[in-house]
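Subject: Structure handover: helix packing and cavity

Hello,

Here is the structure for you to look over. My notes on it come after the coordinates.

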Amino acid sequence: MACRLDGATSPDAGFSASRPSLAGDVMSEHTLKFFGDELTQLKAEVTRMGGLVESQVEDSIECVVRRDVDLAQSIIGRDAKIDELQREIERKAIRMIALRQPVAQDLRRTVAALKMAWNLERTGDQAKNIAKRALVLAEAEPLTPLTRAVERMGRLVVAHLKEALDAYTSSEIERGLAVWRADEDVDEHYNALFRELLTYMMSDPRTISSCAHLLFIGKNLERVGDHATNIAEILHYEITGEEVDGQRPRWQGADGEHPTGDDQ
């Protein structure tokens, strides 16, 4: 405390003593606001990446249906941008964890951005793989009924991916859980496609090569559906700090087994 020579207390002594505390509070509030802005920006970058990936998946289905070679090549070329965004988000998230040392929900939001970027990058890879097979299919005889079956499955998967991304952007848990619960619909479409392709290959061996490519495209789409479900789970953990209760719904055959023998 500041004192005068006559022993009286200076009138501004209490104010002087409180200055470091006030300065510390202001500094803390500024730091928290700055970190909050960084988190908001990070989520915006993830959302932007999600929009690009969603377009890639939609276009990959279109290039198969329309036998569009130019579109397929464009998808393959655009994949590098998605990889670049994934690396940038990863760098920023790791830097924020190292420098800001977030805890609780702030930590979950940062880690969620990391996981989102990884899932979106893998989803982009699935779209690129579809485009590569579309290039091969464009040189073969069209199998219109089978292509339409792939298109139906693709539209369903894109709808799931869009809904999961919108749920993440708006932080709507129930919206994300609806995608999680609907995962078995994608499995059901894939297994129906699998059986239809087997029938074609057995009845006409000349279609084996094209049917094999369509089968792999169906598997790519199933993987995209899995990533949409992952996004729903990431959102749930980010907000609640808990895993989604129960196992993922999976379509099963009449004997209770996965018809394709895939235990993913």
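This is a predicted model: local features need pLDDT of at least 70, side-chain atom pairs count only at pLDDT 80 or more; totals for chains, interfaces and linings use all residues.

Helix packing

I start with α4, residues 144-170, and α6, residues 183-203, which pack at an angle of about 165 degrees with their axes 10 Å apart. Since angles over 145 degrees count as roughly antiparallel, α4 and α6 are therefore roughly antiparallel to each other. Their crossing is left-handed. On the α4 side the contact is made by P145, L146, A149, V150, R152, M153, L156, V157 and H160; on the α6 side, by D185, V186, H189, Y190, L193, E196, L197 and Y200. By class, the residues of this contact are twelve nonpolar, two polar and three charged.

Helix α4 also packs against α7, at an angle of about 15 degrees and with the axes 9 Å apart. Angles under 35 degrees count as roughly parallel, so α4 and α7 are roughly parallel to each other. Here too α4 passes its partner, α7, in a left-handed crossing. From α4, the residues in contact include L146, V150, M153 and V157, along with H160, L161 and Y168. Among those they meet in α7 are C211, L214, I217, L221, E222, I231, L235 and E238. The contact of α4 with α7 divides into 17 nonpolar, four polar and two charged residues.

The other pair to look at is α3 with α7 (residues 208-240): their axes come within 9 Å and cross at roughly 170 degrees. That makes α3 roughly antiparallel to α7. In this contact there are 16 nonpolar, eleven polar and seven charged residues.

How many cavities of 30 Å³ or more does the structure hold? There is one, and the space in the largest cavity is about 50 Å³. Its lining consists of L39, L42, K43, R109, A113, Y168 and E238. The largest share, three residues, comes from α1. Of the lining residues, four are nonpolar, none polar and three charged.

Regards

Note on methods
Residues are numbered from 1 along each chain as its sequence is written. Side-chain values use heavy atoms; hydrogens and water are left out. On a 1 Å grid over the protein atoms alone, a cavity is a set of points where a 1.4 Å probe fits but cannot get out, and a pocket is an open set with protein on both sides within 12 Å along at least five of seven lines; lining residues have an atom within 4 Å of a point. Grid points are joined across faces, edges and corners, and a volume is the space filled by probe spheres set on the points. Helices (H or I, at least four residues) and strands (E, at least two) are DSSP runs, numbered from the N terminus. Ala, Val, Leu, Ile, Met, Phe, Trp, Tyr, Cys and Pro count as nonpolar, Asp, Glu, Lys and Arg as charged, and the others, Gly among them, as polar. Axes are lines fitted to C-alpha atoms, for helices over the stretch in contact, and angles run from 0 to 180 degrees between N-to-C directions. Angles under 35 degrees count as roughly parallel, over 145 as roughly antiparallel, 65 to 115 as roughly perpendicular and the rest as oblique. A crossing is left-handed if the near helix is turned anticlockwise from the far one by less than a right angle, and right-handed if clockwise. Contact means heavy atoms within 4.5 Å.
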